[in-house]
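Have the sequence and the model open side by side, and let us walk through them together.

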Amino acid sequence: MARVIHVFRQPDRFVAGTVGEPGDRIFYLQASEDVRTISVTIEKQQVAVLAERLASLLEEVANRFGADVPEEVPDDLVDVDPLNVPVEEEFRVGTMGLGWDAESKAVVVELLAMTEGEVDETVVLDDTEEGPDAVRVFLSPAAARAFAERADRVVNAGRKPCPLCGEPLDPAGHICPRQNGYRRETDLAEE
């Protein structure tokens, strides 16, 4: 079956978001242009890495190509709205690619579907017929900065960390490795 590449050259929106409660969230990246919306499932760590790499790419593009990259996200690009519903997974992201399109002065983000075997690096950011399905999004430097900032907020909006070990605290309780699994009961402490 032929590879499907969903291309968003001028997206109205490209955001990271979640569905579910902290500790049980599913992460999505969602791209919208006109009436078309595509959602892909992604791991929390992949969202964090994508945001970090986007920030690095923007810095490099500004230094190397003299691109106009804003330091702060312009107010009109700050997006705090939830994901567009219904959220229907197109695929689960396995490989990600980033690039700079000098012709259109845009950051290119490509998300490739997870596959059984290794993904040949030559299919990333390429229109070859063979390879996993993909979503390719072109972003202005300001929109890329806005995406990275929102992605950081989404990743950090989960469960609060334990003050001792830094692991996420669960509403049902937390067995801290720094206390060798000992959990002091508040009822016993008061007696």
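What follows goes from the whole chain to single residues.

This is a predicted model, in which local features need pLDDT of at least 70 and side-chain atom pairs count only at pLDDT 80 or more, while totals for chains, interfaces and linings use all residues. Residues are numbered from 1 along each chain as its sequence is written, and side-chain values use heavy atoms, with hydrogens and water left out.

**The chain as a whole**

The protein chain has 3 helices and 7 strands; here helices (H or I, at least four residues) and strands (E, at least two) are DSSP runs, numbered from the N terminus. Read from the N terminus, the order is β-β-β-β-α-β-β-β-α-α. Along the principal axes, the C-alpha atoms fill a box of roughly 70 × 40 × 30 Å.

Of the 191 residues, 37% are buried, where buried means under 20% relative accessible area, exposed over 50%, and partly exposed in between (1.4 Å probe, protein chains only). The chain exposes about 12,100 Å², and carbon and sulfur atoms supply 46% of that area, with areas from the Shrake-Rupley method and a 1.4 Å probe. Taking contacts (heavy atoms within 4.5 Å) between residues at least 6 apart in sequence, 60% join residues at least 24 apart.

Charged side chains number 19 positive and 39 negative, and the centres of the two sets lie 4 Å apart. Lys and Arg count as positive and Asp and Glu as negative, without His and the chain ends; each charge is placed at NZ of Lys, CZ of Arg, CG of Asp or CD of Glu.

**Aromatic rings**

How many aromatic pairs are there? The count comes to 2, where rings of Phe, Tyr and Trp (its six-membered ring) pair if their centres lie within 6.5 Å, and planes under 30 degrees apart count as stacked, over 60 as edge-to-face and the rest as tilted.

| Pair | Centre to centre | Angle of planes | Class |
|---|---|---|---|
| Phe-14 and Phe-147 | 4.6 Å | 15° | stacked |
| Phe-65 and Trp-100 | 6.5 Å | 20° | stacked |

Phe-14 belongs to strand β2 (residues 13-19) and Phe-147 to helix α2 (residues 141-156), so their pair ties together parts 133 residues apart in sequence. Phe-14 is buried at 8% relative accessibility, and Phe-147 is buried at 3%. In the other pair, Phe-65 lies in helix α1 (residues 44-65) and Trp-100 in strand β5 (residues 89-101), so parts 35 residues apart in sequence are tied together.

Another ring, that of Phe-8, has Arg-36 over its face, at 4.0 Å from the ring centre; the rule asks for NZ of Lys or CZ of Arg within 6 Å of the ring centre and within 35 degrees of the ring normal.

**Backbone details in the loops**

Most residues other than glycine have a negative phi, and most peptide bonds are trans. Yet Val-85 and Pro-86 are joined by a cis peptide bond, with omega about 0°, and Pro-86 sits in the loop between α1 and β5.

Asp-34 has a positive phi, near 55°. Its loop runs between β3 (26-33) and β4 (36-42), and Asp-34 is exposed at 68% relative accessible area. Lys-105 also has a positive phi near 55°; Lys-105 lies in the loop between β5 and β6 (106-113) and is exposed at 57%.

**A buried cysteine**

Is Cys-162 buried or exposed? Cys-162 is buried, at 7% relative accessibility, although its place is in the loop between α2 and α3 (186-190). Leaving aside residues up to four places away in sequence, Cys-162 touches Glu-167, Leu-169, His-174 and Cys-176.
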